[in-house]
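Please look through the structure shown here with the briefing below at hand. The points are grouped by topic, so that each can be followed on the structure itself.

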Amino acid sequence: MADILLLPIIELVLVGALSGLVGVFAVLNRQVFFAEAITHATFPGAVLGVVVAAAFGLGHSWISVFLFAGALLMCIPIGALFGLSRVGTSGSAAGIVLTLGFALGYFLNKWFSPLPVKVDSFLVGSVLNVDIVDVGLAAVLLVVVAALVVARWRRLVFFAFDRTAFAVAHSATRAQAVVSAMIVVTLVALIPAVGTILSIALLVAPAAALVGLVKNTKFLLILAPALGIAMGLTGLGVAVWANLSVGGCIGACAGAFYLPLKIASTRNNARI
(Lines give C-alpha, C1' and ligand atoms only; values in the text may rest on other atoms or scores of the structure.)
Protein backbone atom coordinates (compact mmCIF):
# COMPACT_ATOMS: atom_id res chain seq x y z
CA MET A 1 0.00 0.00 0.00
CA ALA A 2 2.85 2.39 0.83
CA ASP A 3 4.38 1.86 -2.62
CA ILE A 4 1.04 2.56 -4.30
CA LEU A 5 0.48 5.78 -2.35
CA LEU A 6 4.02 7.18 -2.64
CA LEU A 7 3.59 9.01 -5.96
CA PRO A 8 0.04 10.24 -5.12
CA ILE A 9 1.33 11.67 -1.82
CA ILE A 10 4.23 13.43 -3.54
CA GLU A 11 1.89 14.73 -6.24
CA LEU A 12 -0.56 16.14 -3.68
CA VAL A 13 2.24 17.78 -1.69
CA LEU A 14 3.50 19.49 -4.85
CA VAL A 15 0.15 20.60 -6.28
CA GLY A 16 -1.17 21.50 -2.82
CA ALA A 17 1.74 23.86 -2.26
CA LEU A 18 1.48 25.24 -5.81
CA SER A 19 -2.27 25.84 -5.64
CA GLY A 20 -2.07 27.42 -2.18
CA LEU A 21 0.68 29.78 -3.30
CA VAL A 22 -0.96 30.87 -6.55
CA GLY A 23 -4.40 30.92 -4.95
CA VAL A 24 -3.30 33.86 -2.79
CA PHE A 25 -2.88 36.01 -5.88
CA ALA A 26 -6.08 34.68 -7.46
CA VAL A 27 -8.06 35.71 -4.36
CA LEU A 28 -6.31 39.05 -3.82
CA ASN A 29 -6.74 39.99 -7.49
CA ARG A 30 -10.39 38.86 -7.50
CA GLN A 31 -9.76 36.40 -10.34
CA VAL A 32 -11.65 33.46 -8.88
CA PHE A 33 -14.34 33.58 -11.60
CA PHE A 34 -11.59 33.76 -14.24
CA ALA A 35 -9.99 30.68 -12.67
CA GLU A 36 -13.35 28.88 -12.61
CA ALA A 37 -13.79 29.57 -16.34
CA ILE A 38 -10.29 28.32 -17.07
CA THR A 39 -10.97 25.04 -15.24
CA HIS A 40 -13.76 24.26 -17.69
CA ALA A 41 -11.96 25.61 -20.73
CA THR A 42 -8.92 23.36 -20.25
CA PHE A 43 -11.22 20.32 -20.53
CA PRO A 44 -11.39 20.23 -24.36
CA GLY A 45 -7.66 20.92 -24.64
CA ALA A 46 -6.89 17.98 -22.37
CA VAL A 47 -9.18 15.74 -24.44
CA LEU A 48 -7.51 16.80 -27.69
CA GLY A 49 -4.08 16.18 -26.19
CA VAL A 50 -5.08 12.61 -25.30
CA VAL A 51 -6.60 12.13 -28.77
CA VAL A 52 -3.34 13.16 -30.46
CA ALA A 53 -1.25 10.96 -28.16
CA ALA A 54 -3.55 7.97 -28.76
CA ALA A 55 -3.40 8.54 -32.53
CA PHE A 56 0.38 8.14 -32.39
CA GLY A 57 0.05 5.04 -30.19
CA LEU A 58 1.98 6.61 -27.32
CA GLY A 59 2.20 5.20 -23.81
CA HIS A 60 0.72 6.53 -20.58
CA SER A 61 3.64 8.84 -19.80
CA TRP A 62 3.43 10.55 -23.17
CA ILE A 63 -0.35 10.75 -22.86
CA SER A 64 0.22 12.77 -19.67
CA VAL A 65 2.59 15.11 -21.52
CA PHE A 66 0.14 15.65 -24.38
CA LEU A 67 -2.71 16.16 -21.89
CA PHE A 68 -0.73 18.94 -20.20
CA ALA A 69 0.25 20.47 -23.54
CA GLY A 70 -3.28 20.37 -24.94
CA ALA A 71 -4.80 21.94 -21.83
CA LEU A 72 -2.14 24.66 -21.82
CA LEU A 73 -2.48 25.45 -25.52
CA MET A 74 -6.26 25.72 -25.19
CA CYS A 75 -5.66 28.64 -22.82
CA ILE A 76 -4.31 30.76 -25.72
CA PRO A 77 -7.68 31.29 -27.46
CA ILE A 78 -9.28 31.57 -24.03
CA GLY A 79 -6.92 34.40 -23.12
CA ALA A 80 -7.72 36.07 -26.43
CA LEU A 81 -11.43 35.90 -25.62
CA PHE A 82 -10.87 37.49 -22.22
CA GLY A 83 -8.79 40.15 -23.94
CA LEU A 84 -11.80 41.31 -25.96
CA SER A 85 -12.67 43.87 -23.30
CA ARG A 86 -14.74 45.94 -25.70
CA VAL A 87 -17.18 43.07 -26.18
CA GLY A 88 -19.26 42.77 -23.02
CA THR A 89 -17.54 42.45 -19.64
CA SER A 90 -14.97 40.12 -18.18
CA GLY A 91 -17.79 38.43 -16.25
CA SER A 92 -19.76 37.66 -19.40
CA ALA A 93 -16.60 36.43 -21.13
CA ALA A 94 -15.91 34.11 -18.19
CA GLY A 95 -19.45 32.76 -18.35
CA ILE A 96 -19.18 32.09 -22.08
CA VAL A 97 -15.80 30.39 -21.71
CA LEU A 98 -17.06 28.27 -18.81
CA THR A 99 -20.09 26.87 -20.63
CA LEU A 100 -18.45 26.62 -24.05
CA GLY A 101 -15.39 24.83 -22.69
CA PHE A 102 -17.40 22.28 -20.75
CA ALA A 103 -19.74 21.58 -23.67
CA LEU A 104 -16.88 21.32 -26.17
CA GLY A 105 -14.97 18.95 -23.90
CA TYR A 106 -17.93 16.59 -23.65
CA PHE A 107 -18.52 16.80 -27.39
CA LEU A 108 -14.90 15.91 -28.19
CA ASN A 109 -14.89 13.13 -25.61
CA LYS A 110 -17.92 11.50 -27.27
CA TRP A 111 -16.72 12.22 -30.82
CA PHE A 112 -13.36 10.49 -30.33
CA SER A 113 -14.49 7.76 -27.93
CA PRO A 114 -13.24 5.39 -26.78
CA LEU A 115 -10.24 7.20 -25.32
CA PRO A 116 -7.47 5.63 -23.21
CA VAL A 117 -8.42 8.05 -20.42
CA LYS A 118 -11.94 8.00 -18.96
CA VAL A 119 -13.92 11.23 -18.81
CA ASP A 120 -13.99 10.97 -14.99
CA SER A 121 -10.22 11.40 -15.00
CA PHE A 122 -10.61 14.70 -16.82
CA LEU A 123 -13.33 15.99 -14.52
CA VAL A 124 -12.40 14.82 -11.00
CA GLY A 125 -8.84 13.55 -11.49
CA SER A 126 -7.22 10.20 -10.82
CA VAL A 127 -4.37 10.90 -8.41
CA LEU A 128 -3.86 7.20 -7.63
CA ASN A 129 -2.84 6.71 -11.27
CA VAL A 130 -0.31 9.55 -11.55
CA ASP A 131 3.13 8.65 -12.89
CA ILE A 132 6.59 10.14 -12.67
CA VAL A 133 5.83 12.52 -15.57
CA ASP A 134 2.86 14.05 -13.73
CA VAL A 135 4.94 14.46 -10.58
CA GLY A 136 7.90 15.86 -12.50
CA LEU A 137 5.82 18.47 -14.31
CA ALA A 138 4.17 19.53 -11.04
CA ALA A 139 7.61 19.83 -9.40
CA VAL A 140 9.00 21.96 -12.23
CA LEU A 141 6.01 24.31 -12.15
CA LEU A 142 6.23 24.64 -8.36
CA VAL A 143 9.92 25.54 -8.54
CA VAL A 144 9.34 28.11 -11.31
CA VAL A 145 6.33 29.73 -9.63
CA ALA A 146 8.00 29.75 -6.20
CA ALA A 147 11.11 31.41 -7.65
CA LEU A 148 8.94 34.03 -9.35
CA VAL A 149 6.99 34.75 -6.16
CA VAL A 150 10.14 35.01 -4.05
CA ALA A 151 11.59 37.50 -6.52
CA ARG A 152 8.45 39.57 -7.17
CA TRP A 153 5.96 38.99 -4.35
CA ARG A 154 6.06 42.58 -3.07
CA ARG A 155 5.36 43.97 -6.53
CA LEU A 156 2.56 41.46 -7.16
CA VAL A 157 0.94 42.24 -3.79
CA PHE A 158 1.24 45.97 -4.53
CA PHE A 159 -0.55 45.36 -7.83
CA ALA A 160 -3.33 43.43 -6.09
CA PHE A 161 -4.05 46.14 -3.51
CA ASP A 162 -3.62 49.35 -5.53
CA ARG A 163 -3.53 48.99 -9.29
CA THR A 164 -3.79 52.72 -9.93
CA ALA A 165 -0.71 53.54 -7.88
CA PHE A 166 1.09 50.48 -9.26
CA ALA A 167 0.54 51.65 -12.84
CA VAL A 168 2.39 54.90 -12.15
CA ALA A 169 5.76 53.17 -11.88
CA HIS A 170 5.17 49.69 -13.29
CA SER A 171 3.37 47.90 -16.12
CA ALA A 172 -0.05 46.81 -14.89
CA THR A 173 -0.56 44.78 -18.08
CA ARG A 174 2.59 42.77 -17.43
CA ALA A 175 1.67 42.16 -13.79
CA GLN A 176 -1.80 41.01 -14.79
CA ALA A 177 -0.31 38.68 -17.39
CA VAL A 178 2.01 37.15 -14.78
CA VAL A 179 -0.83 36.50 -12.32
CA SER A 180 -3.09 35.05 -15.02
CA ALA A 181 -0.28 32.83 -16.32
CA MET A 182 0.39 31.48 -12.82
CA ILE A 183 -3.30 30.64 -12.43
CA VAL A 184 -3.44 28.90 -15.81
CA VAL A 185 -0.36 26.69 -15.31
CA THR A 186 -1.50 25.79 -11.79
CA LEU A 187 -4.90 24.66 -13.01
CA VAL A 188 -3.25 22.60 -15.74
CA ALA A 189 -0.93 21.00 -13.16
CA LEU A 190 -3.96 20.10 -11.00
CA ILE A 191 -5.72 18.07 -13.72
CA PRO A 192 -4.12 14.66 -12.92
CA ALA A 193 -4.82 15.08 -9.20
CA VAL A 194 -8.30 16.64 -9.00
CA GLY A 195 -9.38 17.07 -12.63
CA THR A 196 -10.65 20.17 -14.38
CA ILE A 197 -13.82 20.69 -12.35
CA LEU A 198 -12.59 20.21 -8.77
CA SER A 199 -9.28 22.03 -9.23
CA ILE A 200 -10.92 25.36 -8.36
CA ALA A 201 -11.50 24.08 -4.80
CA LEU A 202 -7.83 23.37 -4.14
CA LEU A 203 -6.75 26.60 -5.85
CA VAL A 204 -9.08 28.99 -4.00
CA ALA A 205 -10.00 27.38 -0.67
CA PRO A 206 -6.63 27.71 1.16
CA ALA A 207 -6.18 31.43 0.48
CA ALA A 208 -9.89 32.25 0.80
CA ALA A 209 -10.03 30.51 4.19
CA LEU A 210 -7.00 32.34 5.56
CA VAL A 211 -7.30 35.80 4.03
CA GLY A 212 -9.56 37.08 6.81
CA LEU A 213 -7.44 35.60 9.59
CA VAL A 214 -3.91 36.34 8.39
CA LYS A 215 -3.27 40.05 7.93
CA ASN A 216 0.40 39.75 6.98
CA THR A 217 0.70 38.84 3.30
CA LYS A 218 4.09 37.19 3.79
CA PHE A 219 2.59 34.80 6.34
CA LEU A 220 -0.35 34.21 4.02
CA LEU A 221 2.05 33.12 1.26
CA ILE A 222 3.53 30.59 3.68
CA LEU A 223 0.38 29.30 5.38
CA ALA A 224 -1.80 28.95 2.25
CA PRO A 225 0.53 26.37 0.60
CA ALA A 226 0.71 24.46 3.90
CA LEU A 227 -3.10 24.43 4.09
CA GLY A 228 -3.31 23.33 0.46
CA ILE A 229 -1.07 20.36 1.24
CA ALA A 230 -3.16 19.51 4.31
CA MET A 231 -6.38 19.58 2.26
CA GLY A 232 -4.95 17.29 -0.40
CA LEU A 233 -3.44 14.73 1.97
CA THR A 234 -6.51 14.69 4.21
CA GLY A 235 -8.72 14.05 1.19
CA LEU A 236 -6.45 11.22 0.07
CA GLY A 237 -6.50 9.67 3.53
CA VAL A 238 -10.30 9.81 3.77
CA ALA A 239 -10.70 8.37 0.27
CA VAL A 240 -8.36 5.44 0.93
CA TRP A 241 -9.96 4.73 4.31
CA ALA A 242 -13.55 4.89 3.01
CA ASN A 243 -12.87 3.58 -0.52
CA LEU A 244 -14.26 6.73 -2.14
CA SER A 245 -13.27 9.01 -5.02
CA VAL A 246 -10.03 10.79 -4.12
CA GLY A 247 -10.87 13.89 -6.15
CA GLY A 248 -14.28 14.15 -4.56
CA CYS A 249 -12.85 13.72 -1.06
CA ILE A 250 -10.23 16.39 -1.68
CA GLY A 251 -12.92 18.82 -2.85
CA ALA A 252 -15.06 17.97 0.18
CA CYS A 253 -12.11 18.37 2.56
CA ALA A 254 -11.31 21.74 0.99
CA GLY A 255 -14.81 22.86 1.89
CA ALA A 256 -14.55 21.30 5.35
CA PHE A 257 -11.34 23.22 6.05
CA TYR A 258 -12.69 26.44 4.54
CA LEU A 259 -15.97 26.69 6.48
CA PRO A 260 -14.71 26.88 10.10
CA LEU A 261 -11.79 29.12 9.16
CA LYS A 262 -14.12 31.48 7.32
CA ILE A 263 -16.51 31.57 10.28
CA ALA A 264 -13.59 32.31 12.60
CA SER A 265 -12.37 35.15 10.37
CA THR A 266 -15.89 36.61 10.15
CA ARG A 267 -16.22 36.63 13.94
CA ASN A 268 -12.75 38.09 14.31
CA ASN A 269 -13.53 40.93 11.91
CA ALA A 270 -16.88 41.54 13.64
CA ARG A 271 -15.11 42.02 17.00
CA ILE A 272 -12.70 44.46 15.42
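Two residues are said to be in contact when heavy atoms of theirs lie within 4.5 Å. By this rule threonine 217, leaving aside its neighbours within four places in sequence, is in contact with Leu28, Val157 and Phe161. The model is a predicted one, and the values given here are computed from it.

**Overall fold**

- The protein chain holds eleven helices and zero strands, so that from the N terminus on its elements run α-α-α-α-α-α-α-α-α-α-α.
- For 272 residues a compact globule would have a radius of gyration near 19 Å, and the 18 Å of the protein chain agrees with this.
- The C-alpha trace of the protein chain spans about 55 × 45 × 30 Å along its principal axes, and 46% of the 272 residues count as buried.
- When contacts between residues at least 6 apart in sequence are considered, 78% of them join residues that are at least 24 apart.

**Nonpolar cores**

- The largest nonpolar core has 58 residues, of which Phe25, Val149, Ile183 and Leu203 touch the most other members.
- Two or more residues of this core come from each of α1 (2–28), α2 (32–55), α6, α8 (172–194), α9 (199–210), α10 (217–242) and α11 (246–271), and α1 gives the most, with 13 residues.
- Apart from this core lies another, of 17 residues, which include Ala46, Ile63, Leu108 and Val188.
- Isoleucine 183, one of the residues that touch the most other members of the largest core, is in contact with Val22, Ala26, Gln31, Phe34, Ala35 and Leu203 when its neighbours within four places in sequence are left aside.

**Helix α6**

- Helix α6 covers residues 132–161 and bends by about 75 degrees at arginine 152.
- At the start of α6, a side-chain oxygen of aspartate 131 comes to within 3.1 Å of the backbone nitrogen of valine 133.

**Aromatic pairs**

- A pair of aromatic rings is described by the distance of the centres and the angle of the planes.
- The count of aromatic pairs comes to five, and one of them is the edge-to-face pair of phenylalanine 43 and tyrosine 106, with 5.8 Å from centre to centre and 90 degrees between the planes.
- Because phenylalanine 43 lies in helix α2 and tyrosine 106 in helix α4 (residues 90–111), this pair ties together parts that are 63 residues apart in sequence.
- Phenylalanine 43 counts as buried, at 0% relative accessibility, whereas tyrosine 106 is partly exposed, with a relative accessible area of 32%.
- Phe158, Phe159 and Phe166 are linked into a cluster by ring pairs.

- Threonine 217 lies in helix α10 and, since its relative accessibility of 14% is under the 20% cut-off, counts as buried.
- Glycine 16 has its place in helix α1 and counts as buried, at 0% relative accessibility.
- Leaving aside neighbours within four places in sequence, glycine 16 is in contact with Pro225, Gly228 and Ile229.
- Glycine 16 and leucine 141 are 125 residues apart in sequence, and their C-alpha atoms are 12 Å apart in space.

**Backbone features in loops**

- Most residues other than glycine have a negative phi, and most peptide bonds are trans.
- Serine 113 and proline 114 are joined by a cis peptide bond, with omega at about 0 degrees, and proline 114 is found in the loop between α4 and α5 (119–124).
- Arginine 30, in the loop between α1 and α2, has a positive phi of about 55 degrees although it is not a glycine, and is exposed, with a relative accessible area of 73%.
- Asparagine 243, in the loop between α10 and α11, is a residue other than glycine with a positive phi near 55 degrees, and counts as exposed at 71% relative accessibility.

Definitions and conventions. Residues are numbered from 1 along each chain as its sequence is written. This is a predicted model: local features need pLDDT of at least 70, side-chain atom pairs count only at pLDDT 80 or more; totals for chains, interfaces and linings use all residues. Side-chain values use heavy atoms; hydrogens and water are left out. The bend at a residue is the angle between axes fitted to the seven residues ending there and the seven starting there. Helices (H or I, at least four residues) and strands (E, at least two) are DSSP runs, numbered from the N terminus. A polar contact is a pair of N or O atoms within 3.5 Å; within protein, one must be able to donate a hydrogen and the other to accept it, and residues adjacent in sequence count only if both atoms are side-chain atoms. A nonpolar core is a set of buried Ala, Val, Leu, Ile, Met, Phe, Trp, Tyr and Cys residues joined through side-chain atoms within 4.5 Å. Buried means under 20% relative accessible area, exposed over 50%, partly exposed in between (1.4 Å probe, protein chains only). Rings of Phe, Tyr and Trp (its six-membered ring) pair if their centres lie within 6.5 Å; planes under 30 degrees apart count as stacked, over 60 as edge-to-face and the rest as tilted. The radius of gyration is taken over C-alpha atoms; the globule rule is 2.2 Å times the number of residues to the power 0.38.
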